[in-house]
Each structure stands twice: as C-alpha cells, then as structure tokens.
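Here is a quick tour for someone meeting this structure for the first time. Have a look at it, then read on.

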Amino acid sequence: MTQFQTYLVGGAVRDRLLGLPVQDRDWVVVGASPADLLAAGYQPVGKDFPVFLHPRTHEEVALARTERKTAAGYHGFAFHAAPDVTLEQDLARRDLTINAMAEDEHGQVIDPYGGQRDLADRVLRHVSPAFAEDPVRILRLARFAARFADFRVAPETVALMREMVAAGEVDALVAERVWQELSRGLMERRPSRMFEVLRDAGALQKLLPEVEALFGVPQPEAHHPEIDTGIHLLMVLDQCARLGAPLTVRYACLCHDLGKGTTRPEEWPRHIAHEVRSEKLARGVSARWKVPSDCRELAELVAREHTHVHQSGTFSAEARLRLLERCDAWRRPERFAELLLACECDARGRLGLEDRDYPQRERLLADLRATLTVDLAATSAAAIARGATGPAIGAAVRQARLQALRSFTDAA
C-alpha cells in the first residue's frame, strides 16, 4: 500500500494560531490515489472531487488537488487529484494566505505563502492570481473581514477584486451562493465590514445596488447625527451584532431603509413615505437572492412599520391596537418581538446614540401581553349569545382587546 501523509489545513490552523476555538477541521492527504484510500478503509463521499470519510474519526479527508479555470463564474473548474500533487500545490489554490497553511502530525506549521506573517500584520491577502478565477472569493473575503474586524485588506487584493468586478465575474454568481455568504457575513461580529469591503471592491453596486444607493444620501441631523444613510445602515448592522440579534433581524435591518436611496434629491434630507418604497425594494432583494421566507417576511414588516414603532410612545390605545393588528402580533408573537428588536437596533444605530434606551420595545411587548389576557372563547361565546354573527364576533373580540389595552394603559 502506498504511504501517504495527512495534514490539517485551512481555518483550523488559522484559528489555532489566533488562539481561537477550532470549529471545523479540514484534512488533506498527499501522496495517495483514491484506490489507496479505499484500500485503507476510507469511505468515498465526494461528488465533484475525491473526498473521503476517515475510517475511525469519520472526518472528511480530501485528496490534494489542483484546479484549472474552464469557464466563467464559479462552476467552471477542472480538478486534478493524484499522488504527485504536492501540499504546496494544494495550498496554492486556496483563497487567502491566512487560510493556506497546514499542520503535520507533529504540530509543525507548513506556511509556504506567508500566512503567519499576514496573521501577525492583520492582513487579508490573496494567495495567488488564481483568486480571480472564483467570484465567490470576493464574498468570502468580505465575510472574513466581518469576522476579523481588525484585519485590513491588502491593496493589491482590493485591486484584484475590482478587476474581477470589471470583468463581469460577479455577474455569474448564483443566488444560493450569494445568500449563503451574505447570511454568514451578517452573523459575524462586525457585519458592517462585509459591506465596506464589497463597496470598496465595486461588488456592492452589482450585488445590492439598493444598499449602494444609500451612501451619500443625507438624513435630518436632529434624528441622525451621522447624517449619511449608508453610514447609518452600517451602524445599525453593528448594533444587531452587539445585541445578539438573529439572522432574521439582521437581514431586516439591512433592508429597513432601502427606500431612502430612491428619494428625489430635491426632497433631501426628508424621506417622506420611504417605508412603502423600502418594503417594495426589500421584496425585490429577497426575490433576487432567494432569501428564506422568515427573513423575507420580517424584512418587509420592519421596512413598513419601523417608523410607527418608533413613534408608538405617542400613540393612543386605539392606534397601538391597529399596530398590533397590522403586525399580526397575536398569531406571530415571536416575529413581533423580532420586529421590535430590529427597531431598537435602528434607533441605536446612530452617532452618539448607541447606548440610549428604547422603551418602545418593552412597552409594545407589554401591550401584546395585556391583549393576550382576553379570553377569546368566552368573548366570542358572549357575542354569539347576544345574537352576533360573522364580522360582529370579530368586532367584539377587537373591542375586548382594546378595553384590555386601555385598562393596562390606565394602570401603568
């Protein structure tokens, strides 16, 4: 049987060197053929290229391979996996130097492309010109920038990404891969960095022109000391991370102000009815990138209602009840809570106001709890006993909820 060597590669090596918890471990085998691994008890699982499950650990192990670009986009690749492919050749096909390191069985780091240097210097740098062959790498790099927020992108890598965008490589991306990377980047510790990097590379205009359009658009300084709508959006996204918001909320915040990018300049800095435009634009973004329904629905709700939530402290009981009704709060209480969290992130995503209280969130949750005390069955039965039918029964339930809300307001 051929003797082969196994190396730990990629993110596991990077994270260990950074002193971070190692989540996933990727392995590469050098000096073996598929037949060699089958003979050693490995189980094949790869479809596009030879990947196997280790017979004892059941971790995935890939044969060392090289790649060759054969067509536009990220589908057009030919792979070569054989015993003569070296570890250095396999590492050369990876995206960033910090992801192109390996570790042998003795813990010795193999670093042919300067990954340890770039870790120390806090730099995201492409390994080779082959980076330009896969447009997904622009999104991946932007995601890493959101994770490692104190890292800068090497100027030559920014220049290469701009060339890729100009060559139309980003246009070949498919919705599933874009959403996969965007959603992961939104969940990193500083999501704003992802969009800053995409914008610097010229890719944001291609992928999310609705977001690109927000930069340079002013808002009233009294409410938005940061003024620029694009900067406000980035601050809101970072508040999402700060408050531990789920993906649904982070995506909703990404879309909440899109309508401001379509306000006519002569109307600046006001943005009358931007909520309606934001809802429509959010729907379009979700359709383009095949966003999951829970994210899509919350994004449209937040776009439409966030201003009303902000203003709810001045609302009458009747107006607050209508807000609960529009939000389908009784049937979807969890989504209503996410709406309020998104609104808090929006309120705090403003220069100098990052730590201010947002009482609207707890007040509206309390309103919902108050209306949930209404016994729907008893209220409906009493209405029927009075001869009510159809819509009249619903009106009785609504009146009971309004009375509960008024009683709660008076007591408070």
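## The sheet

In which sense do strand β4 and strand β5 pair, and over how many bridges? Strand β4 (residues 51-53) and strand β5 (residues 60-63) run antiparallel, joined over three bridges. Across that pairing, Val 51 faces Ala 62 in β5. Helix α1 (residues 11-18) packs on the sheet, where it touches β1 (5-9), β8 (102-103) and β9, and its direction is about 55 degrees from that of β1.

Helices (H or I, at least four residues) and strands (E, at least two) are DSSP runs, numbered from the N terminus. Two strands pair if DSSP finds at least two bridges between them. Contact means heavy atoms within 4.5 Å; axes are lines fitted to C-alpha atoms, for helices over the stretch in contact, with angles from 0 to 180 degrees between N-to-C directions.

## How to read the model

This is a predicted model: local features need pLDDT of at least 70 and side-chain atom pairs pLDDT 80 or more, while totals for chains, interfaces and linings use all residues. Residues are numbered from 1 along each chain as its sequence is written, and side-chain values use heavy atoms, leaving out hydrogens and water.

## Salt bridges

The model has 39 salt bridges, each a side-chain nitrogen of Lys or Arg within 4 Å of a carboxyl oxygen of Asp or Glu. Take Glu 318: its partners include Arg 322, with closest N and O atoms 3.5 Å apart, and Arg 398, at 2.8 Å. Glu 318 lies in helix α15 and Arg 398 in helix α19 (residues 391-411), so this pair ties together parts 80 residues apart in sequence. Glu 318 and Arg 322, on the other hand, both sit in helix α15 (residues 317-326), four residues apart, or about one turn of the helix.

There is also a salt-bridge network linking Glu 279, Arg 283, Glu 300, Arg 304, Glu 305 and Arg 326.

Cys 253 is buried at 1% relative accessible area, and Cys 343 is buried at 0%. Buried means under 20% relative accessible area, exposed over 50%, and partly exposed in between (1.4 Å probe, protein chains only).
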